[in-house]
Amino acid sequence: MATATAKRPRVMSGMRPTGNLHLGHYVGVLTQWVNYCETADAFFEIADLHAFTTGFSDPQSIRDARNAIVVDWLAAGVDPKKSTFYLQSGIPEISELEVLLGMITPISWLERVPTFKGQIEALGTDIATYGFLGYPLLQLCDIAIFRGEFVPVGKDQVAHLEFAREVVRRFNYLYGGGDSILVEPKAMLSAFPEVPGIDGRKMSKSYDNVISLSDDEATTTEKVRRMITDPLKIRRNDPGRPEICPVFHLWKFVKPEHVPIVERDCRSGALGCVQDKSDFAEALNEFLRPLRERRKMFAADEAYVEKVIAEGTARAREIAAQTLNDVKRAMKLS
Ligand code: TRP
């Protein structure tokens with residue numbers, strides 16, 4: 001009889017090791033990862049090669065962020081015993097697959113992925129490298145090498161997944177002989193795909209508006225105190241518009257049961273923004289406290305973190321080798 005595990009869908013996702021994770025990562029992506037540990041056969045990648053596409057001049061910080069990102073995953077409750085954590089650069093099969101799929105990937109498909117032009121506009125032409133152009137192709141290889149069916153990601157990654165599906169279809173059409181050698185992946189958006197930062201824009205390291213999982217409680221409180229709210233609610237008794245307030249939006253996942261009360265009292269003018277933010281800072285610190293305690297514990301145990309990465313990478317590599325074999329056979333390269 002087949003085990004339940006054998007029927008679990010394959011889930012694959014990854015993050016670039018580029019610094020400490022923040023509340024947006026936690027709410028938008030990591031909570032989904034935690035759930036997939038129970039329901040899927042999940043692979044979670046430290047995308048260190050992807051980090052080079054923009055951070056190539058600073059390899060040391062990519063190296064340092066490798067363990068730090070895993071500490072954040074563990075702190076968030078992602079369970080390496082029920083999933084596979086691995087290092088992208090530790091699986092050369094991914095890079096080999098990128099060369100092979102590069103042969104059938106039109107440059108125009110890569111150029112029209114919105115992040116390509118967008119990131120160059122934001123970060124300058126220094127990052128306009130061959131590797132950066134290939135970013136979505138490398139991402140596709142991350143997914144395809146494990147035959148990932150579902151890919152939990154943020155909204156900004158949806159275009160990459162569309163691209164991935166097109167290349168997979170082209171591969172199967174050219175070399176599959178009627179079979180699907182590679183699997184078309186689907187993006188899975190969380191209920192909170194876009195978490196606002198303290199300035200009301202999307203929470204993102206590049207906007208310098210994040211609440212980090214590693215921030216201490218005083219820093220968190222101070223950041224919440226500086227958060228913007230409804231600009232037309234000037235005095236405490238002015239009626240507010242919760243639907244445009246980032247603090248209100250954050251309440252929804254930090255303490256959902258409190259949302260109707262905030263909504264009622266903000267609209268009526270009974271609740272002022274200063275009080276709301278002070279209540280929220282307290283709720284947020286309470287929400288993050290267990291996570292931050294686990295974070296400290298794992299940060300102090302480097303040997304454990306390295307063991308998790310090494311074991312996961314070894315396991316992932318076996319699966320990657322099988323897929324690469326199938327691909328090479330289909331392309332008559334074996
Ligand atoms: N591009 C993703 C991001 O910036 C990170 C990533 C790399 C990824 N490889 C992946 C996400 C594979 C999902 C699947 O968030």
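Student: How far is a polar side-chain atom of Asp142 from a nitrogen atom of the ligand?

Tutor: The distance is 2.7 Å. Keep in mind that this is a predicted model.

Student: And the side chain of Gln157, how far is an N or O atom there from a nitrogen atom of the ligand?

Tutor: That pair is 2.9 Å apart. For Gln139, an N or O atom of the side chain lies 3.2 Å from a ligand nitrogen atom.

Student: On to packing. At what angle do helix 5 and helix 9 pack?

Tutor: About 120°, and the axes are 9 Å apart. Helix 5 covers residues 92–102 and helix 9 covers residues 135–144. The angle makes helix 5 oblique to helix 9.

Student: Is that crossing left-handed or right-handed?

Tutor: Helix 5 and helix 9 cross in a right-handed way.

Student: Which residues make the contact?

Tutor: Helix 5 contributes Ile94, Leu97, Glu98, Leu101 and Gly102. From helix 9 come Leu137, Leu138, Leu140, Cys141, Asp142 and Ala144. Asp142 is also among the residues that come nearest to the ligand.

Student: How many of the residues in that contact of helix 5 with helix 9 are nonpolar, polar and charged?

Tutor: Eight are nonpolar, one is polar and two are charged.

Student: What about helix 9 and helix 10, how do they pack?

Tutor: Their axes are 9 Å apart, at an angle of about 70°. That makes helix 9 roughly perpendicular to helix 10, which spans residues 158–175.

Student: Which residues meet there?

Tutor: On helix 9, Tyr135, Pro136, Leu137, Gln139, Leu140 and Ile143. On helix 10, they meet His160, Leu161, Phe163, Ala164, Val167 and Val168. The contact has ten nonpolar residues, two polar and no charged.

Student: Last pair. How do helix 4 and helix 14 cross?

Tutor: The axes of helix 4 (residues 59–76) and helix 14 (residues 273–299) come within 8 Å and cross at roughly 135°. The two helices are therefore oblique to each other. The crossing is right-handed.

Student: And which residues meet in that one?

Tutor: Val71, Asp72, Leu74, Ala75 and Ala76 of helix 4 meet Leu291, Arg294, Arg295, Phe298 and Ala299 of helix 14. By class, the contact of helix 4 with helix 14 holds seven nonpolar residues, no polar and three charged.

Technical notes. Residues are numbered from 1 along each chain as its sequence is written. This is a predicted model: local features need pLDDT of at least 70, side-chain atom pairs count only at pLDDT 80 or more; totals for chains, interfaces and linings use all residues. Side-chain values use heavy atoms; hydrogens and water are left out. Axes are lines fitted to C-alpha atoms, for helices over the stretch in contact, and angles run from 0 to 180 degrees between N-to-C directions. Helices (H or I, at least four residues) and strands (E, at least two) are DSSP runs, numbered from the N terminus. Angles under 35 degrees count as roughly parallel, over 145 as roughly antiparallel, 65 to 115 as roughly perpendicular and the rest as oblique. A crossing is left-handed if the near helix is turned anticlockwise from the far one by less than a right angle, and right-handed if clockwise. Contact means heavy atoms within 4.5 Å. Ala, Val, Leu, Ile, Met, Phe, Trp, Tyr, Cys and Pro count as nonpolar, Asp, Glu, Lys and Arg as charged, and the others, Gly among them, as polar. A residue is near a molecule or strand if one of its heavy atoms lies within 4 Å of it. A polar contact is a pair of N or O atoms within 3.5 Å; within protein, one must be able to donate a hydrogen and the other to accept it, and residues adjacent in sequence count only if both atoms are side-chain atoms.
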